[in-house]
Amino acid sequence: MQPFEDLELLDCPICHGPGLIEEENGWCLYVQCLDCGCHTAALSYNSEEERQTAARQSVSSWNIGKVVHTGVGD
Ligand SMILES: [Zn+2]
């Protein structure tokens, strides 16, 4: 596992809380808000290269506000 390349993560598009890249058991990742729990769609990957691409795509979805909110915690 490599650290992610330099990615600019904006504040949560919903609540302006801090966002974090979360990985699920080393096969998919998404960006999630630490405050309200909204997140981008999970992207799966099979290689380190795909992992970096998935991280980049998740971050760009996050930064344009393409997130889903489950309502948990409201
Ligand atoms: Zn939020």
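1. Q52 sits in helix 1, residues 48-63. Helices (H or I, at least four residues) and strands (E, at least two) are DSSP runs, numbered from the N terminus. Q52 counts as buried because its relative accessibility is 11%. Buried means under 20% relative accessible area, exposed over 50%, partly exposed in between (1.4 Å probe, protein chains only). Leaving out residues up to four places away in sequence, Q52 touches Q2, P3, F4 and E5. Contact means heavy atoms within 4.5 Å.

2. A word on the source. This is a predicted model, in which local features need pLDDT of at least 70 and side-chain atom pairs count only at pLDDT 80 or more, while totals for chains, interfaces and linings use all residues. Residues are numbered from 1 along each chain as its sequence is written, and side-chain values use heavy atoms, with hydrogens and water left out.

3. Confidence comes next. The average pLDDT (the predictor's confidence in each residue, from 0 to 100) is 93 for the protein, and 95% of the residues score at least 70.

4. The zinc ion is held by the SG atoms of C12, C15, C33 and C36, at 2.3 to 2.4 Å. Donors are N, O and S atoms within 2.8 Å of the metal (3.2 Å for Na, K and Ca); water is not among the atoms, so sites may look incomplete. The arrangement is tetrahedral because the four donor atoms subtend angles of 103 to 115°. Four donors count as tetrahedral if all angles lie between 85 and 135 degrees. The donor spacing is C-x2-C-x17-C-x2-C. C12, in the segment before strand 1, and C36, in the loop between strands 2 and 3, are 24 residues apart and link distant parts of the chain. Both C12 and C36 are buried.

5. The largest nonpolar core has eight residues: C12, V31, C33, C36, C38, V59, W62 and V67. Such a core is a set of buried Ala, Val, Leu, Ile, Met, Phe, Trp, Tyr and Cys residues joined through side-chain atoms within 4.5 Å. Strand 2 and helix 1 each supply at least two of its residues.

6. Strand 2 is mostly covered, with five of its six residues buried. Strands 1 and 2 run antiparallel, joined by six bridges. Two strands pair if DSSP finds at least two bridges between them. G19 has C33 as its bridge partner in strand 2. Strands 2 and 3 are also antiparallel, with two bridges; C28 partners S44 in strand 3.

How values were computed
Four donors count as tetrahedral if all angles lie between 85 and 135 degrees; four count as square planar and six as octahedral if opposite donors are over 155 degrees apart and all others between 65 and 115; anything else is irregular.
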